[in-house]
Amino acid sequence: MPKLWSETIETHRDAVRGAVLDAAAHLMAEQGSGGVTMSSIAQAAGIGRATLYKYFPDVESILLAWHERQVHAHLQHLSEVRQHAGAPIQQLEAVLEAYAFLSHSHHGSVDAGWLHRGAHMGGARHHLIGFLAEIVRQGADAGEFRQDVAPEELANFCLHALEAAADLTSREAVLRLVGMTLAGIRPTA
């Protein structure tokens with residue numbers, strides 16, 4: 001098969017897959033995951049059901065693929081946030097704030113729970129802990145963060161602490177939580 005043809009086919013498949021994931025996300029936002037069907041996704045994506053079944057076996061696999069795409073976008077966003085900050089303390093504060101607001105944006109979402117138990121979340125969490133631990137390690141070397149606890153443990157602490165942002169009701173509360181989390185990893189007097 002000529003290279004141009006295979007690239008065109010792959011581009012088309014990516015476009016169809018993206019349209020399916022976008023349609024499913026829109027339907028889930030409107031109706032919740034319980035109200036989403038293969039027929040409604042196919043119709044919203046502008047494809048036939050037979051075509052949809054060539055890409056995904058069921059609604060759950062579509063929603064998990066959409067969530068995996070979202071998680072990847074969130075990780076990319078956190079990486080970009082870090083790049084725009086200065087010293088490790090500024091990097092960590094910016095990344096933790098962004099992470100807390102991502103958690104907060106899921107406030108009241110009943111459907112998000114089962115999506116966060118997907119197999120893709122283990123790798124994403126591992127990546128995120130490593131990403132945060134790298135910032136913490138650099139900050140510890142500069143004397144900005146504790147050195148008596150391993151950077152991976154401090155990164156894990158930060159993630160667990162900031163998951164509480166999902167239950168907070170105001171921007172100010174989220175920012176206070178970020179501040180308390182940062183205080184917890186600063187060097188003790």
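A residue is taken as partly exposed when its relative accessible area falls between the limits for buried, under 20%, and exposed, over 50%. By that criterion arginine 137, with a relative accessible area of 37%, is partly exposed in this predicted model. The side chain of arginine 137 meets that of glutamate 152 in a salt bridge, with an N to O distance of 2.6 Å. Because glutamate 152 belongs to helix 8 and arginine 137 to helix 7, the pair ties together parts that are 15 residues apart in sequence. Glutamate 152 is likewise partly exposed, its relative accessible area being 38%.

Another joins the side chains of arginine 69 and aspartate 22, at 2.5 Å from N to O. Here arginine 69 is part of helix 4 and aspartate 22 part of helix 1 (residues 3–31), so that parts 47 residues apart in sequence are tied together. Arginine 69 counts as partly exposed at 31% relative accessibility, and aspartate 22 is partly exposed with a relative accessible area of 43%. A further salt bridge links aspartate 148 with arginine 146, whose closest N and O atoms are 2.8 Å apart; aspartate 148 is exposed, because its relative accessible area of 55% is over 50%.

Glutamate 144, by contrast, is buried yet has no salt bridge. This residue lies in the loop between helix 7 (120–141) and helix 8 (151–162), and the nearest side chain of opposite charge, that of arginine 186, is 5.9 Å away, whereas a salt bridge requires a separation within 4 Å. When residues up to four places away in sequence are not counted, glutamate 144 touches Ala87, Pro88, Ile89, Gly139, Arg186 and Pro187.

The largest nonpolar core comprises 33 residues, and those with the most contacts inside it are Leu78, Leu92, Leu96, Leu128 and Leu132. At least two residues of this core are supplied by each of helix 4 (59–83), helix 5 (88–104), helix 7, helix 8 and helix 9 (171–185), with helix 7 providing the largest share, nine residues. Leucine 96 illustrates the packing: with its neighbours within four places in sequence left aside, leucine 96 is in contact with Leu132, Cys158, Leu162, Val178, Thr181 and Leu182. Apart from this core lies another, of 20 residues, which includes Met28, Met38, Leu52 and Leu63.

Met38 is also one of the buried residues of helix 2 (residues 38–45), where Ser40, Ile41, Ala42 and Ala45 are buried as well. As a general point, an α-helix has 3.6 residues a turn, so residues three or four places apart point the same way. Helix 2 is followed by glycine 46, whose phi is positive, near 75°.

In the loop between helix 8 and helix 9 lies serine 170, which is partly exposed, with a relative accessible area of 23%. The side chain of serine 170 reaches the backbone nitrogen of alanine 173 at 3.1 Å. Although serine 170 and histidine 104 are 66 residues apart along the chain, their C-alpha atoms are separated by 8.9 Å.

Definitions and conventions. Residues are numbered from 1 along each chain as its sequence is written. This is a predicted model: local features need pLDDT of at least 70, side-chain atom pairs count only at pLDDT 80 or more; totals for chains, interfaces and linings use all residues. Side-chain values use heavy atoms; hydrogens and water are left out. Helices (H or I, at least four residues) and strands (E, at least two) are DSSP runs, numbered from the N terminus. Buried means under 20% relative accessible area, exposed over 50%, partly exposed in between (1.4 Å probe, protein chains only). Lys and Arg count as positive and Asp and Glu as negative; His and the chain ends are not counted. Contact means heavy atoms within 4.5 Å. A nonpolar core is a set of buried Ala, Val, Leu, Ile, Met, Phe, Trp, Tyr and Cys residues joined through side-chain atoms within 4.5 Å. A polar contact is a pair of N or O atoms within 3.5 Å; within protein, one must be able to donate a hydrogen and the other to accept it, and residues adjacent in sequence count only if both atoms are side-chain atoms.
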